[in-house]
Amino acid sequence: MIFYRPRRNRKSQAIRDLVQENVLVSTDLIAPYFVKEGVRLQEKIEKFPNVYRFSIDLLVEEARELKTLGIPAMALFPVIAPSLKCETGKEALNPNGLIQQTISTVKGEVPDICLISDIALDPYTTAGHDGIVSDKGEILNDESVNQLVKMALTHAKAGIDIIAPSDMMDGRVKMIRQALDQSGYSHVGILSYAAKYASNFYGPFRDALGSVPSFGDKKGYQINPANRREALRELYLDEMEGADILMVKPALPYLDVIYAAKELSNLPIAAYQVSGEYSMIKGAAQNGWIDGEKVMMETLLSIKRAGADMIFTYAAKEVAETLMTL
Ligand code: PBG
C-alpha cells in the first residue's frame, strides 16, 4: 500500500480552506436577551460577564444591531418584578405584560428580526419552577400545560414568530400547536426545547432572572444527564406533536445527543450554549488561562460539527463581529 500522507491536505491555508467540512456563519446564531421594565436601562448581571438586562427601548436598538451583523434571531426572557410573581405565575398571561409588550414593540420597530419567546413559568412563579406547584410540592403537568397554552396565545397575539416551550411538561407541544391552529396562528412556529437536561450549567441564567428554585430541583421534569436514549424519546415525541425545530440543551456537554438528534430527525436541530458554558469560557479568558475568542469559536464550530443547524449563544454579537473580520 502507498504511504498516504494526510498532511498534504493541510499544507497551506488555501488547501485547508478547500477541505474544511463545517463553517460557522452569523446566520447560524440566535442571540438570547433579558428584558426588564425600565427606560434606557442596561443593567450588569453579577455572575454573567458581558450580559445585561435591557429595557424595551434599548432592546429595539439591539435588534437593529443584530440585523446589521447578519444575526437573524433574538430569544427573549423576561425579568419579572418579585411583586408580580405568585404561586401559579398568572402574570405570564397578562396580555400587556413585559414580554408581550416587548414582542409587539420590537416586532413593530424591526419587523424582519425573528423573535423567539420562551414558554415556561419559572420567571413568573415564586417557587421558580417551570410549572405550577401543588400543595404537596409536586409540579402539576396538565394544569401547567393549560396555563402554558394560554401564555403562548398571548405571545402569538403580540406578534411572535416562534414559540419555544422550555418547560419540559408532557404533551405541551401538541396542546400549544392545536391552540395556535384553532386561534388563527397557524403561521407561528414551535421550537421545542425537546432534549433539555437537568443541568448544573444554568446558574448565571437563573441569577439573571432571579429564578433560582425556592425548593428542590428540576429533575422531575428535565432529563437525567446520564441518559441519551431518553432524550431521543423526547425528541421523537416533540416531532410527532408538531414541533418545527428541535433543540438540545445544554450544547457542549451533550454533543453526542446533538449528533443523535440529527440522525433521528429531518427537522432542523438547534443547540443552546447555555449561561454556564458561556461563563466558563469568559471566566477562564478573563483570568488569562485561555484565548476566549478562539475557544468560543472552536466550541461553536464543534456544536455545528455535531449536527446543530442553529445555536443559541450569549456570544452571538461578538462572534458575528469576529466573523466579519475573517
Ligand atoms: C427556563 C429556562 C432555563 C434556561 C432557558 N429557559 C433555566 C432552567 O431551566 O432552569 C437556561 C438557559 C441558560 O442557562 O442559558 N425554563
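Buried means under 20% relative accessible area, exposed over 50%, and partly exposed in between. Keep that handy for the exercises below; the model is a predicted one.

**Exercise 1. Classify both partners of the salt bridge between Lys282 and Glu318, and say which parts of the chain the pair ties together.**

Step 1: start with the contact. The side chains of Lys282 and Glu318 meet at 2.6 Å, N to O. The cut-off for a salt bridge is 4 Å, so this pair makes it.

Step 2: Lys282 sits in helix α9 (residues 275-286) and Glu318 in helix α11, so parts 36 residues apart in sequence get tied together.

Step 3: apply the opening definition. Lys282 has 13% relative accessibility, so it counts as buried. Glu318, at 28%, goes down as partly exposed.

**Exercise 2. Work out which helices Lys317 connects through its salt bridges with Glu62 and Glu65.**

Step 1: take Glu62. Its side chain and that of Lys317 form a salt bridge, 2.9 Å from N to O. Lys317 belongs to helix α11 (residues 316-325) and Glu62 to helix α2 (residues 56-69), so the bridge ties together parts 255 residues apart in sequence.

Step 2: take Glu65. Here too there is a salt bridge with Lys317, with the closest N and O atoms 2.9 Å apart. This pair links distant parts of the chain, Glu65 in helix α2 and Lys317 in helix α11, 252 residues apart.

Step 3: Glu62 is buried, with a relative accessible area of 9%, while Glu65 is partly exposed at 35%.

Step 4: The structure holds 18 salt bridges. There's also a network of them linking Asp122, Asp130, Lys196 and Lys218.

**Exercise 3. Glu241 has no salt bridge: find what its side chain reaches instead.**

Step 1: locate the residue. Glu241 is in the loop between α7 (229-240) and β10 (245-249).

Step 2: look for an opposite charge. Side chains of opposite charge can pair when their charged atoms come close. Glu241 is buried, but the nearest side chain of opposite charge, Arg172, is 6.0 Å away.

Step 3: look at the backbone. The Glu241 side chain reaches the backbone nitrogen of Val173 at 3.3 Å.

Step 4: list the neighbours. Leaving out residues up to four places away in sequence, Glu241 touches Gly171, Arg172, Val173, Lys174 and Arg177.

**Exercise 4. Describe the surroundings of the ligand, then follow Lys249 into the protein.**

Step 1: pick out the nearest residues. There are 18 residues around the ligand, and Lys196, Lys218, Lys249, Ser275 and Tyr314 come nearest.

Step 2: go through the polar pairs. A side-chain N or O atom of Lys249 is 3.4 Å from a ligand nitrogen. Gln222 places a polar side-chain atom 3.0 Å from a ligand oxygen, and Ser275 places one 2.7 Å from a ligand oxygen.

Step 3: check how much of the ligand is covered. Taken alone, the ligand exposes 410 Å², and the protein buries 100% of that.

Step 4: follow Lys249. This residue is found in strand β10 and is buried, with a relative accessible area of 8%. Beyond four places in sequence, the contacts of Lys249 include Tyr193, Ala195, Lys196 and Tyr272.

Definitions and conventions. Residues numbered from 1 in each chain as written. Predicted model: local features only at pLDDT ≥ 70, side-chain atom pairs only at ≥ 80, totals over all residues. Heavy atoms only, no water. Helix = DSSP H or I, 4+ residues; strand = E, 2+ residues; numbered from the N terminus. Buried < 20%, exposed > 50% of the residue type's maximum accessible area, 1.4 Å probe, protein only. Lys, Arg positive; Asp, Glu negative; His and termini not counted. Polar contact = N/O pair within 3.5 Å; in protein donor to acceptor, adjacent residues only side chain to side chain. Contact = heavy atoms within 4.5 Å. Near = heavy atom within 4 Å. Areas by Shrake-Rupley, 256 points an atom, 1.4 Å probe, with all protein chains shown as cover.
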